[in-house]
Amino acid sequence: MVVYSFYIFDRHAECIYKKRWLPRPAVIGKSRANSELPAPTNGLPAAIGQSDRTTDDDAKLIFGTVFSLRNMVRKLGGEDDSFVSYCTSQYQLHYYETPTNIKFVMLTDLKSPSMRVALQQIYINLFVEYVVKNPLSPTEHPGGIGVNNELFEESLEQFVVCLPPRL
Amino acid sequence: MTVFSLIIINKAGGLVYQREFQPGLRKLSTNDYLVLAGTFHGVHAITRSITPKIPLSTTTTTTSQSHHQHQPSTSSILTTHKSTPSVSTATATTPSTPTGPSTSSSTSTTHALPIPGTPVTGLEVLESDKFRLTCFQTLTGTKFLLFTDPLMTTVEPVIRKIYELYADFVMKNPFYQLEMPVRCEAFDRHLGGWLRGRV
């Protein structure tokens with residue numbers, strides 16, 4: 001099971017926390033021993049052709065997706081229905097919304113089981129404990145400073161690393 | 001097994017067919033269904049574009065014996081590739097190990113998909129507490145949205161059969177105008193009959 005990224009959005013649609021775990025980069029052209037001419041295909045063309053979205057833009061796109069789908073689900077299934085997850089051919093997105101409209105989103109690979117309980121645990125055991133109960137952390141996050149909390153970040157890291165045996 | 005309803009969206013995001021088979025979902029107005037179809041069409045495209053990309057480092061390693069007459073050529077090759085950090089490491093390591101081979105690598109990152117073999121698609125299955133939405137996109141871009149019970153596991157054959165019926169009774173209907181709302185009585189009849197037969 002691989003977790004690609006994790007986002008928290010507050011009730012004002014502000015992304016207050018984002019974290020990406022990228023798997024170890026796969027190395028292709030391994031070594032070219034004693035070659036007179038190194039392959040000229042490295043570096044520049046790929047770097048120019050790649051129009052990389054920043055993580056900020058990704059967070060906005062993810063929020064938009066999740067928000068639209070949540071509204072769609074509520075419209076069709078009634079107010080007490082809740083959007084749980086979706087999957088494409090490449091990845092899975094898991095969603096959990098607290099009663100206070102804080103949204104937890106996690107992108108994982110297709111092999112992972114339902115992460116609903118895991119997201120709930122992140123909320124109850126980590127977010128509430130380390131962020132909400134912290135008297136120094138702001139309740140609102142205008143300007144996108146977000147959750148800047150070492151304890152939370154460390155325990156989240158540990159939680160995600162320990163996920164496979166737990167589920 | 002319970003099939004709640006079926007929605008067909010054309011390649012431009014317009015609603016062309018909507019039908020409820022069994023109660024379970026809330027009824028929306030025609031306008032709401034149109035909005036839903038358009039929204040889904042947009043979200044479908046976004047879900048495809050936010051596919052996580054795994055960085056793929058293409059490492060080209062050039063190993064050369066570090067004789068002093070070779071070094072200018074190596075550094076000139078490296079400077080043409082504009083990888084200044086590796087130039088500095090090469091010059092830093094060469095004096096310390098004068099006889100060993102000096103390895104200098106220039107790394108460029110491209111991206112790979114999480115599952116490299118399969119093409120990237122948008123949203124395929126959406127799950128909520130009360131229903132499961134399965135989206136099947138045909139090669140021409142038409143989307144079939146089937147709302148089923150979340151416990152129902154085999155949706156794929158149902159959606160294939162619906163596509164087959166659509167091909168037979170809608171696309172082969174000489175009076176059907178492409179991309180326009182589907183009003184084919186034979187399609188309605190066969191669809192209803194087939195789904196009833198499965199229950």
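Reader: Why does B:Glu179 count as exposed?

Author: Quick housekeeping: this is a predicted model, in which local features need pLDDT of at least 70 and side-chain atom pairs count only at pLDDT 80 or more, while totals for chains, interfaces and linings use all residues. Residues are numbered from 1 along each chain as its sequence is written, and chains are lettered from A, ligands numbered from 1, in the order in which they are written. Now the label: B:Glu179 has 11 C-beta neighbours inside 10 Å, so it counts as exposed. The cut-offs are 20 or more other C-beta atoms within 10 Å for buried, 12 or fewer for exposed and partly exposed in between, with C-beta atoms placed from the backbone.

Reader: What makes the phi of B:Glu179 worth a mention?

Author: The phi is near 65°, a positive value in a residue other than glycine. Most residues other than glycine have a negative phi. B:Glu179 is placed in the loop between helix 4 (156–171) and helix 5 (185–198) of chain B.

Reader: And how do you know that A:Ala13 counts as exposed?

Author: A:Ala13 has 12 C-beta neighbours inside 10 Å, so the label is exposed. A:Ala13 also has a positive phi, about 65°, without being a glycine. Look for A:Ala13 in the loop between strand 1 (3–9) and strand 2 (15–20) of chain A.

Reader: How many helices and strands does chain A have, and how many does chain B have?

Author: Five helices and seven strands in chain A, and five helices and seven strands in chain B. Helices are DSSP runs of H or I with at least four residues, strands are runs of E with at least two, and both are numbered from the N terminus. Along the sequence, chain A reads β-β-β-β-α-α-β-β-β-α-α-α, while chain B reads β-β-α-β-α-α-β-β-β-β-α-α. Buried residues come to 29% of the 167 in chain A and to 25% of the 199 in chain B.

Reader: Why are helix 3 and helix 4 of chain A called roughly antiparallel?

Author: Helix 3 (residues 116–132) and helix 4 (residues 150–161) of chain A pack at about 160°, with axes 9 Å apart. Axes are lines fitted to C-alpha atoms, for helices over the stretch in contact, and angles run from 0 to 180 degrees between N-to-C directions. Under 35 degrees is roughly parallel, over 145 roughly antiparallel, 65 to 115 roughly perpendicular and the rest oblique. So helix 3 and helix 4 of chain A come out roughly antiparallel.

Reader: By class, which residues make up the contact of helix 3 with helix 4 of chain A?

Author: Nine nonpolar, one polar and no charged residues. Among those in the contact are A:Leu126 and A:Tyr130 of helix 3, plus A:Phe152 and A:Ser155 of helix 4. Contact means C-beta atoms, placed from the backbone, within 7 Å. Ala, Val, Leu, Ile, Met, Phe, Trp, Tyr, Cys and Pro are nonpolar, Asp, Glu, Lys and Arg charged, and the others, Gly among them, polar.

Reader: And where do helix 2 of chain A and helix 1 of chain B meet?

Author: Their axes come within 10 Å and cross at roughly 145°, and the crossing is left-handed. The residues that meet include A:Gly64, A:Leu69 and A:Lys75 on one side, and B:Asp32, B:Phe40 and B:Val43 on the other. The classes here are seven nonpolar, six polar and two charged.

Reader: What makes strand 2 of chain A and strand 2 of chain B edge strands?

Author: The open sheet has ten strands in the order 2(A)-1(A)-7(A)-6(A)-5(A)-5(B)-6(B)-7(B)-1(B)-2(B), with antiparallel pairing. Strand 2 of chain A and strand 2 (15–20) of chain B each pair on one side only.

Reader: How do you know that strand 6 and strand 7 of chain B pair?

Author: Strands pair if DSSP finds at least two bridges between them. Strand 6 (residues 132–137) and strand 7 (residues 143–148) of chain B have six, in the antiparallel sense, so they pass. One of the bridges partners B:Thr134 with B:Leu146, and B:Leu133 partners B:Phe147. In their hairpin, with five residues between the strands, B:Gly141 takes a positive phi near 100°. Strand 5 (residues 125–128) of chain B passes too: three bridges join it to strand 6, with B:Leu126 partnering B:Leu133.

Methods: Two residues are in contact if their C-beta atoms, placed from the backbone, lie within 7 Å. A crossing is left-handed if the near helix is turned anticlockwise from the far one by less than a right angle, and right-handed if clockwise.
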